[in-house]
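Let's take a walk through this protein, one piece at a time. Keep the 3D view open while you read.

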Amino acid sequence: KELTFRTSKSSGAGGQHVNKVETRVELLFDVNASEILDGMEKNLVWQNLANRINGEGILLLANDSERSQLRNKKLVIKRFNQLMQIALTPKITLLPSLR
């Protein structure tokens, strides 16, 4: 529900197929408008994925490695889940006396 997808034609090698079929998939996730993340989780996502979030607060991921739109969509969702898991995992810092 919170993920939006856009498709476009892939660039690069692939022959005539590339020029006719929209196989590139972009995943868009509005961090600020998310209803599944609480305030602390949104802050963690902003801190840990800031380089992937645009000025409007949209996390954007894209995949065009496969010739199939469905396969690219599955791969970009998998990458999104991996990034969110990493971003939302608390970082443990040791106190100087415990190092």
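The axes of H2 and H3 come within 8 Å and cross at roughly 105 degrees. Here axes are lines fitted to C-alpha atoms, for helices over the stretch in contact, with angles running from 0 to 180 degrees between N-to-C directions. That makes H2 roughly perpendicular to H3, the label for angles of 65 to 115 degrees. On the H2 side, Glu41, Leu44, Val45, Asn48 and Leu49 make the contact, and on the H3 side Leu83, Met84, Ala87 and Leu88 do. Contact means heavy atoms within 4.5 Å.

A quick word on where this comes from: the model is predicted, local features need pLDDT of at least 70, side-chain atom pairs count only at pLDDT 80 or more, and totals for chains, interfaces and linings use all residues. Residues are numbered from 1 along each chain as its sequence is written, and side-chain values use heavy atoms, with hydrogens and water left out.

Zooming out, the protein chain has three helices and three strands, running β-α-β-α-β-α from the N terminus on. Helices (H or I, at least four residues) and strands (E, at least two) are DSSP runs, numbered from the N terminus. Of the 99 residues, 26% count as buried; that means under 20% relative accessible area, while exposed means over 50% and partly exposed is in between (1.4 Å probe, protein chains only).

Now back to H3. Which of its residues are buried? They are Asn72, Val76, Phe80, Leu83, Met84 and Ala87. These cover an arc of only 105 degrees around the axis, so they sit on the same side of H3; the arc is that of the directions from the helix axis to the C-beta atoms. Leu70, Lys74, Gln85 and Ile86 are exposed on the other side.

| Element | Residues |
|---|---|
| strand E1 | 3–8 |
| strand E2 | 24–30 |
| helix H2 | 39–49 |
| strand E3 | 58–63 |

Finally, look at two serines. Ser68 caps the N-terminal end of H3, with a side-chain oxygen 3.3 Å from the backbone nitrogen of Leu70. Ser34 lies in the loop between E2 and H2 and counts as buried because its relative accessibility is 4%. A polar atom of the Ser34 side chain lies 3.3 Å from the backbone nitrogen of Leu37. Leaving aside neighbours within four places in sequence, Ser34 is in contact with Glu2, Phe29 and Lys42.

Key:
Polar contact = N/O pair within 3.5 Å; in protein donor to acceptor, adjacent residues only side chain to side chain. Parallel < 35°, antiparallel > 145°, perpendicular 65-115°, else oblique.
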